[in-house]
Amino acid sequence: MVDAERSALTTLCKEFDALIGETRLHTAARQELLERIVAEARARRPVLTLLGQLLNTDRETTLRTLATGLPGAGPGTARQENFRCPDGACDRTAVPPPAGAIPRCAVMGRPMERG
């Protein structure tokens, strides 16, 4: 998988819930586009161009936009567990609160793996 596509998939997974919420505020066409993006991501096909359509940006602007992401929660501590993409398709990691639920891959709906 090309690095740009891997980065796009990572951001899609990290921001999936926020993206769903935002898309619901828009037209049915944008909702359908998001559904297509999810289907392509689940099939492990390229999504960067489709994300550009959703964001109404060219490829370079899409890459820069995805690189900024949403604000994170900051670094973890030694007692926290790290989780990663369940099939290694993206670079997403998650650190739940101690004794918290195992994070899930938003794209595939599967539990993430301990990293």
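Is E113 buried, partly exposed or exposed? I looked it up: E113 counts as partly exposed because its relative accessibility is 33%.

**Entry 1: what I am looking at**

I am reading a predicted model, where local features need pLDDT of at least 70, side-chain atom pairs count only at pLDDT 80 or more, and totals for chains, interfaces and linings use all residues. Residues are numbered from 1 along each chain as its sequence is written, and side-chain values use heavy atoms, with hydrogens and water left out.

**Entry 2: confidence**

I checked pLDDT, the predictor's confidence in each residue, from 0 to 100. The protein averages 81, and 87% of the residues score at least 70. Over residues 70-78 the pLDDT is below 50, and this stretch has 2 contacts in the model beyond near neighbours in sequence. A contact is a pair of heavy atoms within 4.5 Å. I made a note to myself: where pLDDT is low, the predicted coordinates should not be read in detail.

Next I compared the elements, where helices (H or I, at least four residues) and strands (E, at least two) are DSSP runs numbered from the N terminus. The lowest mean pLDDT among them belongs to α2, at 77, and the highest to strand β1 (residues 83-84), at 94.

**Entry 3: the core**

I went for the largest nonpolar core, which has 25 residues. Such a core is a set of buried Ala, Val, Leu, Ile, Met, Phe, Trp, Tyr and Cys residues joined through side-chain atoms within 4.5 Å. L9, L12, I37, L51 and V107 touch the most other members. The elements giving two or more residues to this core are α1 (3-14), α2 (16-23), α3 (28-42) and α4 (48-55).

**Entry 4: salt bridges**

I searched the whole structure and found 5 salt bridges. The rule is a side-chain nitrogen of Lys or Arg within 4 Å of a carboxyl oxygen of Asp or Glu.

I began with R6 and D91, whose closest N and O atoms are 2.7 Å apart. R6 lies in helix α1 and D91 in the loop between β1 and β2 (93-94), so this pair ties together parts that are 85 residues apart in sequence. R6 is partly exposed at 23% relative accessibility, and D91 is partly exposed at 45%.

Then I returned to E113, which forms a salt bridge with R84 at 3.1 Å between the closest N and O atoms. E113 sits in strand β3 and R84 in strand β1, so the pair joins parts 29 residues apart in sequence. R84 is partly exposed too, at 37%.

I also looked at R114 and E81, which meet at 2.6 Å, N to O. R114 is in strand β3 (residues 113-114) and E81 in the loop between α5 and β1, 33 residues apart. R114 counts as exposed at 52%, while E81 is partly exposed at 39%.

R59 belongs to helix α5 (residues 59-68) and is partly exposed at 44%. Leaving aside neighbours within four places in sequence, R59 is in contact with A4 and L48.

Conventions
Buried means under 20% relative accessible area, exposed over 50%, partly exposed in between (1.4 Å probe, protein chains only).
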